[in-house]
Amino acid sequence: MDSVETSINSAGNNKKVNLLGYDLAHMKEFFSEIDEKSFRAVQVLKWIHQSGVDDFAQMSNVSQDLRLKLSKIAEIKAPEIIMEQKASDGTIKWLMRLDGGNSIETVFIPEDNRGTLCISSQVGCALDCGFCSTAKQGFNRNLTSAEIIAQLWIAYRQLRIISSDSNDESKTINALVKKNGVKRDITNVVLMGMGEPLLNLDNVVEAVHLMLDDHAYGLSKRRVTISTAGVAPALKRLGEECDVSLALSLHAPNDKIRDTIVPLNKKYPISEVLEACRFYFNGNTKKKQFIIEYVMLAGINDSEKNARELAVLLKKMPCKINLIPFNPFPNSGYECSKMQTINRFKDILHKAGYVTMIRKTRGEDIDAACGQLAGKVIDKSRRVHSVSVTH
Ligand code: SF4
């Protein structure tokens with residue numbers, strides 16, 4: 001979080017502060033620093049996140065003098081959309097260019113009763129999970145809170161454009177819009193895109209505050225999910241600063257297997273991670289969900305013995321289990337388990353008393369399937385990047 005003063009002084013050239021990523025506390029601090037009343041923070045927050053405004057001149061209930069003052073020292077700046085792709089199943093993928101030239105992807109997945117936005121928290125990822133295409137890119141940098149919340153801000157604006165394309169006159173950002181029978185509103189946000197959210201905790205927490213704030217997006221904590229590979233100490237801190245649903249990318253029933261596919265396990269073994277999850281939920285999963293993510297890799301973690309072992313491991317954890325058919329990518333070295341094997345795995349967990357789902361693959365015709373979002377982007381230097389999102 002940079003203050004107004006530091007932003008202006010450190011740049012030495014009146015660099016404007018970007019208010020897009022400021023949560024309410026940060027926004028109030030900003031207005032206090034420029035000697036304005038704190039209720040202005042709520043007004044501006046609503047304009048940015050509920051009305052999707054990026055121009056102070058449009059903030060009609062803010063005095064003209066203040067609008068002018070704001071336009072001189074601040075801005076509302078989101079990444080630029082460089083590609084939008086729509087799949088036949090309604091999935092939409094946006095490719096966005098960040099300052100400095102990196103790109104990230106954000107994906108909207110509409111279903112009958114909900115719309116889920118999958119967003120990224122880092123450019124690339126340092127954790128090097130063996131089955132993950134993002135890992136092959138290595139780590140580039142953390143996203144700022146503005147870049148994280150911008151993915152939601154942009155998606156709302158774009159979906160509104162789609163809705164007006166379909167002759168829907170609604171200008172309300174949270175409006176339920178249907179096009180071709182598919183609901184277009186965003187009801188759920190998952191931080192399951194590129195990167196490990198808990199290794200960018202400050203910025204993720206500030207963006208999540210905005211997702212939950214009734215002055216911004218007002219999503220319930222049940223409908224915002226942070227996905228982690230298991231950064232145990234950060235999980236404990238997350239519990240103190242933020243209160244949302246959690247998805248643990250477990251992918252193995254024991255340390256021996258997990259060490260080989262999730263290298264972070266060597267630092268934070270399963271027992272430590274599950275203990276941190278227990279601490280995070282503190283016995284309360286009524287208002288938020290705990291999901292165990294388990295990618296199905298043929299011959300690696302998909303045997304009946306593995307399923308039984310998983311059932312024992314998760315005993316007394318109030319969780320649901322999501323089985324994810326692996327989506328192969330070039331040189332991954334892994335294959336997806338057979339559907340018959342996945343169903344058998346599911347049955348064993350189901351009989352052991354776990355709510356177990358098999359994740360459907362979405363957006364295949366635009367490479368938007370979770371874990372495999374590989375968009376080929378040609379940058380100005382004509383090099384070909386592979387931009388992928390997974391977790
Ligand atoms: S699965 Fe998630 S944590 Fe692991 S390398 Fe990929 S993005 Fe990073």
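In the predicted model, D35 follows helix α2 and has a positive phi, near 60°. Helix α2 itself spans residues 24-33, and M27, F30 and F31 are its buried residues. Viewed down the axis of α2, these buried residues fall within an arc of 95°, so they line one face of the helix.

The chain as a whole contains 11 helices and 18 strands. Of its 391 residues, 43% count as buried. Among contacts in the chain with a separation of 6 or more, 64% come from residues 24 or more positions apart.

An open sheet of 10 strands shows mixed pairing, in the order β3-β4-β5-β6-β11-β12-β13-β14-β15-β16. Strands β3 (80-86) and β16 (355-358) each have a single partner strand and stand at the edges, so one side of each is left without a neighbour in the sheet. On average, neighbouring strands of this sheet are turned by 20° against each other, with direction ignored. In general, the strands of a sheet pair through backbone hydrogen bonds, in either a parallel or an antiparallel manner. Within the present sheet, β13 and β14 (residues 290-296) run parallel and are joined by 4 bridges.

L248 lies in strand β13, which covers residues 245-249. L248 counts as buried because 25 other C-beta atoms lie within 10 Å, where the cut-off for burial is 20 or more. With residues up to four places away in sequence left out, L248 touches T228, G230, V273, C277, I292 and E293. The C-alpha atoms of L248 and I226 are 8.5 Å apart in space, while the two residues are 22 residues apart in sequence.

Helix α9 (residues 270-281) also packs against helix α7 (residues 232-241), at an angle of about 0° and with the axes 9 Å apart. This angle makes α7 roughly parallel to α9, since angles under 35 degrees are classed in that way. On the α7 side the contact is made by A232, L235, K236, L238 and G239, and on the α9 side by E272, V273, A276, C277, F279 and Y280. By class, the contact of α7 with α9 comprises 8 nonpolar, 1 polar and 2 charged residues. V273 and C277 of α9, which take part in this helix contact, are also among the residues touched by L248.

Key: Residues numbered from 1 in each chain as written. Predicted model: local features only at pLDDT ≥ 70, side-chain atom pairs only at ≥ 80, totals over all residues. Buried ≥ 20, exposed ≤ 12 C-beta atoms within 10 Å, placed from the backbone. Helix = DSSP H or I, 4+ residues; strand = E, 2+ residues; numbered from the N terminus. Arc of directions from axis to C-beta. Contact = placed C-beta atoms within 7 Å. Axes fitted to C-alpha atoms, helices over the stretch in contact; angles between N-to-C directions. Parallel < 35°, antiparallel > 145°, perpendicular 65-115°, else oblique. Nonpolar A, V, L, I, M, F, W, Y, C, P; charged D, E, K, R; others polar. Pairing = 2+ DSSP bridges.
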